[in-house]
Amino acid sequence: ETGEVAATPADNGAEYLSPVTIGGQKLNLNFDTGSSDLWVFSTALTSAEIGQHSAFNPSKSSTYKELDGYSFSLSYGDGSGAAGVVGTDTVDIGGATVTRQAIELATSVSSAFVSDADSDGLVGLAFSTLNSVSPTPQKTFFDNIMSELAQPVFTASLDLDGSGTYEFGTIDSSKFTGDLEFTPVNAASGFWQFDSSCYSIGGKTYNRTNATPAIADTGTSLLLLDPEVVQAYYSQVPSANYDSTVGGYTYDCSENLPDFAVAVGDNYMANIPGSGITFSPVDSKTCFGGIQSNSGSDVQIFGDALLKHHFVVFHGESNLLGMAAK
Ligand SMILES: O=C(NNC1=NCCC1)c1ccc(Br)cc1
């Protein structure tokens, strides 16, 4: 079995959305390798909360089964969150189908999800140990389908030109160039976590002292790195400075930015060309960088700002992360 869906950049440029069919109902969900819950907007929310979203209606699905007394409650790294009840239903992602997938129906969502009209919920693709369902944590879609897949993998090929895809069960070699380099993942963290001990700026490589690990997180928009690395990068950008009003480093959009690369394990330097560093404009002349600080936390987050420049393989059986150029 295999499945393939488009990953389309949302209007806000901050996330990618993919169509998922649950009990015959189609929703646009954010595939998130940084969390492990599949939750959706549900008709239990108020119409003000639902707004333009698609909301799952359990009473309209002939295959939905409530899990009596089960609940979920989640908060994400950016402070957004959701909570609600739990059931099972048939989930189809591009033809890959799980018949009894735990789906989490939101009865409350944070304001960020209400105002982001593009996302009808998330599909968690980190390890099931992080699932928030009480009293019994549930398995992710990938965990449930892995044994049925032609290969126990899923891949992310995110593009800003709207041609991105997620694929389950196969590694499509037409989607990348050069070698695919695999790195061991520390699954005990619950994340797709690996070592990253060096970086390069404008082609010059630096080793990090007391290097914190990194995670591959498709649910985070930016590249959130140690302050040491971020300061080193923006010291090479004359007009750059930390602007507390927007909460990050900004610079003149006319700057000719240096290339940047971070190590993924010992065998791969993941590069972002200088032309691909900017995340968004702040005003007519100022730009906001895709490289920002993780405020010194114990892990670096390699989000879409990095991942969209690469072909990424998540190998669930051998706990490896594959990276290639594209
Ligand atoms: O929440 C996280 N990733 N996913 C999403 N962010 C926003 C919506 C979804 C996240 C994961 C790991 C670490 Br460490 C910090 C943050």
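I count Ala, Val, Leu, Ile, Met, Phe, Trp, Tyr, Cys and Pro as nonpolar, Asp, Glu, Lys and Arg as charged, and the others, Gly among them, as polar. The model I opened is predicted: local features need pLDDT of at least 70, side-chain atom pairs pLDDT 80 or more, while totals for chains, interfaces and linings use all residues. Residues are numbered from 1 along each chain as its sequence is written, and side-chain values use heavy atoms, without hydrogens or water.

**Entry 1: the ligand**

I looked up the neighbours of the ligand. I found 13 residues around the ligand (a heavy atom within 4 Å). Asp32, Gly34, Gly77, Asp78 and Asp217 come nearest. I sorted this shell by class and got six nonpolar, four polar and three charged residues.

Next I checked polar contacts (N or O atoms within 3.5 Å). Which residue has a polar side-chain atom 2.7 Å from a nitrogen atom of the ligand? I found aspartate 217 there. For aspartate 32, I noted 2.9 Å between a side-chain N or O atom and a ligand nitrogen. With glycine 219, a backbone N or O atom is involved, and the distance to a ligand nitrogen is 3.4 Å. I also noted the ligand's area: alone, the ligand exposes 420 Å², and the protein buries 85% of that (Shrake-Rupley, 1.4 Å probe).

**Entry 2: the largest pocket**

Where does the ligand sit? I found that the ligand takes up the space of the largest pocket (more than half of its atoms within 2 Å of the grid points). A pocket is an open set on a 1 Å grid, with protein on both sides within 12 Å along at least five of seven lines; a cavity is a set where a 1.4 Å probe fits but cannot get out; lining atoms lie within 4 Å of a point.

I wrote down a volume of about 890 Å³ for this pocket. Its lining has 38 residues, and Tyr76, Gly77, Asp78, Gly219 and Thr220 are the closest to the centre. Strands S3 (25–32), S5 (65–75) and S23 (291–293) each give two or more residues to the lining, and so does helix H2 (111–115). By class I read 16 nonpolar, 16 polar and six charged residues in this lining.

**Entry 3: the cavity**

How many cavities of 30 Å³ or more are there? I counted one. The largest cavity has a volume of about 40 Å³. Its lining includes Ser36, Asp37, Leu38, Gln101 and Phe141. Strands S7 (96–109) and S8 (121–124) each give two or more residues to this lining. S7 has the largest share, three residues. I sorted the lining into four nonpolar, five polar and three charged residues.

I found a cis peptide bond between serine 134 and proline 135, with omega about 5°. Proline 135 is in the loop between S8 and helix H3 (141–145). Asparagine 210 is not glycine, yet I read a positive phi near 50°. I located asparagine 210 in the loop from strand S14 (204–207) to strand S15 (214–216). Helices (H or I, at least four residues) and strands (E, at least two) are DSSP runs, numbered from the N terminus.

Conventions:
Polar contact = N/O pair within 3.5 Å; in protein donor to acceptor, adjacent residues only side chain to side chain. Points joined across faces, edges and corners; volume = space filled by probe spheres on them.
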